[in-house]
Amino acid sequence: MELKKSITPKKNLSISNKFSMSYGKSEKLAGIAFVLPIAVLLIIFMFYPMIQAFIISFQDFNLISQKKTFIGFDNYINLFKDKEFIASLKHSFYFAMVVVPVQGIISLGLALLLQKKSRINSFFRTIYFIPVVISTAVAATVFELIYSKDFGLLNAILEALHLPTVNFLSNPDTAMNGVIILGIWKAAGFFMIIFLAGLNNIPADLYEAAHVDGAGKIRQFFSITLPLLKRTIAFVAIITTIDAIKLSALVYVLTGGGPSGSTETTVVYIFRTAFEQMSMGYASAAAFILFAIVLIISLIQMKLFKSDVEY
Amino acid sequence: MKAKRTFLIIILFLVAGMAGCSPSMNQNDNHSSKGIKSEEENQSPEVVKLTFWRNAGNSAENRVYEQLIAGFQKENPTIKVEMAAIPFREYELKLRTELAAGDNPPDVMTIDSPNLAAYANAGVIRSIDAYMKIQGGIDDIPETVLSGMKYNNEIYLAPISESSTAMFYNKNLFKEKGIPFPSEDPDNPWTWEQVLEAAQKLNDPANGIYGIDPGKGFGEGEGPAYFKMPLLWQFGAEILSPDGTTADGYLNSPKALEALQFYQDLYHKYKVAAVELPPDPFVSGKLGISIEGSWALGHYTNNFPNFKLGEDYGIAPLPKNEQQAAPNGGWALGISAKTVHPEEAWQFIKYLISYEGIKKYVSATGDLPARYSVAEDFPELNEYPKNIFLVQSQKYSINRPATPVYTVVSTTIRELFEEVGIAKVDVKVAADRAVRKIDQAIQQMEEKQ
């Protein structure tokens, strides 16, 4: 407004001042109007249920009977003693610890390969992106067939190569790896696109300068690409970690948490406890423990990846 | 100006949206006014609307339910039944959330009989004891079936059909290996020893042929409990104490451990059973012996017409060890505790479980009827192979334990058999762990009351 005042000729000052006042006001109102719909939806569908769930987590709450009794921290204390819950956390973390680095490296590799614009590259970009579009249920069902011991594609190939066959999904020791492979296959394409966007944001003259200075491709990658990609990497790392710890749908369709509970992730455990065992209070407490864990990890990651390079 | 107008429009939408939301937001205090409201609704056309939820079955089942409802509405023009057939996998989940949210639970619903105790204990379904005793014709219903409909000695559910399982065997494979066929007499089953002997001869893993699937593999949901509890019973073990207060000394009794050890040996010692099987292994000749449900008969006739009963496969009663034992139970009908039309809901149930209703139902689906009188009217039910299912269900069937913590019992049984069968955990360790889990759930429930 200061700026406008100085520009406007003296004669029109009073009018323009009035105009700019009401303009500013309506701007503000419009701003609120734009924020309001999503804010209202968030409050109704996110924050209100979260507060409710938080209250429920301190109650002994059976899903179908309306009896609720306040039991303080009992749910939380029992959860830390619950072997199944701890095991489910372990499964979720194992998944996250393998998927986050492996998937990150694969999608960055794909992005580097397909960075140059050409017809073949855009063809392959589409190919690698297709798994992202395929519905989880469909992908899981197809993978179940591929993994099958007696007639699956995977074992047919292993057999042709005279390698020992594996029954991936029905062996408690390997089932989680079967889920991991599917998970990476399904999500790598999406993060490849994110990395591509990040790569294209790096100014080309930096590479030219490095080239002039005699830096090779590898040196360029470590000295220019990686540091300048830090923000993208942070984004990808945080999102994949959260996604990995929240893993549920893939497991639910592919193994149902089996065999013998070896792929039961925390979210599957929470779902089971709430809707099969009907212990809503206990399940809500488990959900909040998971929420706290995810929050802490994300905060740490944000701090670690804090980028000090601007370009 | 333009901004102002947009703002107004947005506000308008918001208000409209809020108005749409508001009835659902103060529905908490709606229960009291609900009766009045629905009476108002009904005054003009004088038609009572009943909502009826059931788990969607196969096409034959869905069709016959529609016919039954049409027949009922013809006889009772003042009652209109609105049926919702919900896919099996999400049925219980949807029903439970609806009962929990408490807005509009269905007036009439189907409930899987072992889950009855949980629902009755929570007070979400209504006792129909008085109705059943006076108008239900319960003398005609087998005692084993009726006891599955009771909680605390009161009848809560009305049965329409029953189920059972039997030992299916591949005749071609039996002939190839020169194994004599088991008897078709429902009272004269093979022992598990005989079954194991046959399975060992049938077993040919190099060609992908396995001897036996003792309990329908390792599935999800209620299936594992339904197919695997009978093995424990056949070895003379029980799941819970008769008063339902503990599993200690029952699920980990020497007899139970013997059953579990036998089950584990099938997979790991004799290797005649496989953890992973191709789809429809029995039909494709990859499996010599399989325990299948009574509904498998219709499934095979409809989907595998070239796989013929009598030529390609035969059916024998479930194997025994110490005693004969078979599972039972099925989806039965219950009335919501919150319904404002209990009288009409009962009229509807009475029609479904009447002699005619059940007759129409089982002649369409091929299920076992829950009434003696209907069973007598179907000659094929008294002949091989269906007599095996019928006799087992009427004479040898055992109810899954009726306890409010049944959901925990069911999951624990599933996990127990997975640990023993797949993960090769020592049977004593696994059984003790299962007992602890069940007892803990019982204890928590008792503390609440």
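How many residues of domain 1 of chain B are in contact with domain 2 of chain B, and how many of domain 2 take part? I opened the notebook with this question, and I record at the outset that the model is predicted.

**Entry 1. The two domains of chain B**

I first looked up the bounds of the domains. Domain 1 of chain B covers 45-163 + 329-398, and domain 2 covers 165-327 + 405-448. I then found the answer to the opening question: 17 residues of domain 1 of chain B touch 27 residues of domain 2 of chain B. The C-alpha centres of these two domains are 28 Å apart.

I next noted the area. The size of an interface is often given as the accessible area lost when the parts come together. Between domain 1 and domain 2 of chain B, about 2000 Å² is buried, and carbon and sulfur atoms give 62% of this. On the side of domain 1 of chain B, the residues that lose the most area to domain 2 are Tyr384(B), Phe389(B) and Ile398(B), together 31% of what that side buries.

I found 1 salt bridge between domain 1 and domain 2 of chain B. I also looked up Asp187(B) and Lys395(B), whose side chains meet in a salt bridge at 2.9 Å, N to O.

Which elements of domain 1 of chain B each supply at least two residues of the side that touches domain 2? I found helix H16 (386-396) and strand E15 (397-398) of chain B. H16(B) gives the largest share of that side, 8 residues. By class, the side of domain 1 of chain B that touches domain 2 divides into 8 nonpolar, 5 polar and 4 charged residues.

**Entry 2. Chain B as a whole**

I recorded 18 helices and 15 strands for chain B. Chain B has 449 residues, of which 54% count as buried. Taking contacts in chain B between residues at least 6 apart in sequence, I noted that 75% join residues at least 24 apart.

I returned to Tyr384(B), named above for the area it loses to domain 2. A cis peptide bond joins Tyr384(B) to Pro385(B), with omega about 5°. Pro385(B) is placed in the loop between helix H15 (372-377) and H16 of chain B.

**Entry 3. Where chain A meets chain B**

I then looked up the contact of the two chains, to which chain A and chain B each bring 32 residues. About 3000 Å² is buried between chain A and chain B, 60% of it on carbon and sulfur atoms. In chain A, the residues that lose the most area to chain B are Ile64(A), Ser260(A) and Gln277(A), together 19% of what that side buries.

I counted 2 salt bridges between chain A and chain B. Glu84(A) forms a salt bridge with Lys437(B), where the closest N and O atoms are 3.0 Å apart.

Helix H2 (13-56) and helix H13 (266-276) of chain A each supply at least two residues of the side that touches chain B. The largest share, 5 residues, comes from H2(A). I noted 14 nonpolar, 11 polar and 7 charged residues on the side of chain A that touches chain B.

Is Ser26(A) buried or exposed? I found Ser26(A) in helix H2 of chain A; Ser26(A) counts as buried because its relative accessibility is 18%, under 20%.

Asn155(A) lies in helix H7 (residues 153-160) of chain A. Asn155(A) also counts as buried, at 2% relative accessibility. Leaving out residues up to four places away in sequence, I found that Asn155(A) touches Tyr147(A), Ser148(A), Lys149(A), Thr165(A) and Val166(A).

I finally looked up backbone angles. Most residues other than glycine have a negative phi. His162(A), in contrast, has a positive phi, near 60°. The place of His162(A) is in the loop between H7 and helix H8 (175-200) of chain A, and His162(A) is exposed, with a relative accessible area of 74%.

Ser260(A) likewise has a positive phi, near 55°. Ser260(A) lies in the loop between helix H12 (249-254) and H13 of chain A. I recorded Ser260(A) as partly exposed, at 21% relative accessible area.

Key: Residues are numbered from 1 along each chain as its sequence is written. Chains are lettered from A and ligands numbered from 1 in the order in which they are written. This is a predicted model: local features need pLDDT of at least 70, side-chain atom pairs count only at pLDDT 80 or more; totals for chains, interfaces and linings use all residues. Side-chain values use heavy atoms; hydrogens and water are left out. Contact means heavy atoms within 4.5 Å. Buried area is the accessible area (1.4 Å probe) that two parts lose on being put together, summed over both. A salt bridge is a side-chain nitrogen of Lys or Arg within 4 Å of a carboxyl oxygen of Asp or Glu. Helices (H or I, at least four residues) and strands (E, at least two) are DSSP runs, numbered from the N terminus. Ala, Val, Leu, Ile, Met, Phe, Trp, Tyr, Cys and Pro count as nonpolar, Asp, Glu, Lys and Arg as charged, and the others, Gly among them, as polar. Buried means under 20% relative accessible area, exposed over 50%, partly exposed in between (1.4 Å probe, protein chains only). Domain bounds come from an automatic or database domain assignment.
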